[in-house]
Amino acid sequence: MSWSEIPSVELYYAEESAGCRAVLMCIEELGLNVELHKMDIYQKFEQRKPWFMKMNPQHTVPTINDEGFILWESRAILQYLVNKYGEEKSYLYPHDPQERAQVDRILFFDLGCLSKSIVDFFNPQVLAGEDADERKGNALKQALEYLDQFLEESRYLAGDKLTIADLSVLGSITHLESMEFRIKSYGNVYKWVERLKLELPYYEKCNSDGIKKHRDWAKNQRKTSRTLK
Ligand SMILES: N[C@@H](CCC(=O)N[C@@H](CS)C(=O)NCC(=O)O)C(=O)O
C-alpha cells in the first residue's frame, strides 16, 4: 500500500507544545499523510471544549484519531505511529527486544526525568509568577547531565541510528530553547542538537514557529502572573 492510499491519521496539536512537535517530526520522518487540526490551547482553551473532552478526557495535545482509534500521550503516539506505519523505517523503533528496550528507557527518562524537570522548574514561574526554585533548577541540571553522559558513547540517544527517543528528547530540548535556557555547557547535548538541526530536513518546519510562539506566550504570561501577584 502506498502512503497516498493509507487513510489519513488525524492529529490534534498545538505548535507551542513540545510533545506535539516531537510527533510532527515523527510524521515527517515517516512521510505520513496526516490531517492536522491546530488547537488554540492557551487563549480559546479548545482542548476543554466538550467535543474534545469526549475524545480525550485528559484534555491534552497531542491526540490522534486513527479511524476511530484515539490515542494521546506523545511518546505512546510515537510508538504507535512507527509500529503501525513504520515498516520501512523500523529503525525508528527497532523490533529487536534489547534495542527497543534502550529506546523505551530514553522515552521513560524523558517523561519521568527530563521533561518533568523542565515543567516542574518553569511552570510555577510562568503560570504563577513564582521566583525560580533552586532545587528544581538543580533537578533540571541533573537531568541534562545524565543526557550528556548518555551521548558520550553513541551518536544518537539509543545507538547509532535515529530513533523516536531522539525525536522525543529533541522536543523537550526545544521547550528549553523557548524558555531561553542555554544548554551550551552540556557539550554532548549541544552538539547532538546542532547536528540534528542540520540532519533533519523538517526540523525548522516542525519547530521554529512553535518555539517562538511558546516563547512569546511564556513571556507574556510571566508578566501577567507577576502583575496579578
Ligand atoms: N505527557 C503528555 C503531556 C501532554 C500535555 O500536558 N500537553 C499540554 C500542552 S504541552 C496540554 O495539552 N495542555 C492543555 C491542558 O492540559 O489543558 C504528552 O507527552 O503528551
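This is a predicted model: local features need pLDDT of at least 70, side-chain atom pairs count only at pLDDT 80 or more; totals for chains, interfaces and linings use all residues.
## Around the ligand

Residues are numbered from 1 along each chain as its sequence is written, and side-chain values use heavy atoms, leaving out hydrogens and water.

A ligand nitrogen lies 2.8 Å from an N or O atom of the Glu 73 side chain. Ligand oxygen atoms sit 2.9 Å from such an atom in His 59 and 3.2 Å from one in Arg 75. Alone, the ligand exposes 510 Å², of which the protein buries 69% (Shrake-Rupley, 1.4 Å probe).

## H1 against H3

Let's turn to the helices. H1 (residues 18-30) packs on H3 (residues 74-85) at about 10°, with axes 9 Å apart, so the two are roughly parallel (an angle under 35 degrees).

Their contact (heavy atoms within 4.5 Å) includes Ala 22 and Ile 27 of H1 and Leu 78 and Tyr 85 of H3. It comprises 10 nonpolar, two polar and no charged residues.

## H4 against H6

H4 (residues 97-128) and H6 (residues 164-178) pack at about 10°, their axes 9 Å apart, which makes them roughly parallel. Among the contacting residues are Asp 110 and Phe 122 of H4 and Ser 168 and His 175 of H6. Here the division is 11 nonpolar, four polar and one charged.

Key
Axes are lines fitted to C-alpha atoms, for helices over the stretch in contact, and angles run from 0 to 180 degrees between N-to-C directions. Helices (H or I, at least four residues) and strands (E, at least two) are DSSP runs, numbered from the N terminus. Angles under 35 degrees count as roughly parallel, over 145 as roughly antiparallel, 65 to 115 as roughly perpendicular and the rest as oblique. Ala, Val, Leu, Ile, Met, Phe, Trp, Tyr, Cys and Pro count as nonpolar, Asp, Glu, Lys and Arg as charged, and the others, Gly among them, as polar. A polar contact is a pair of N or O atoms within 3.5 Å; within protein, one must be able to donate a hydrogen and the other to accept it, and residues adjacent in sequence count only if both atoms are side-chain atoms.
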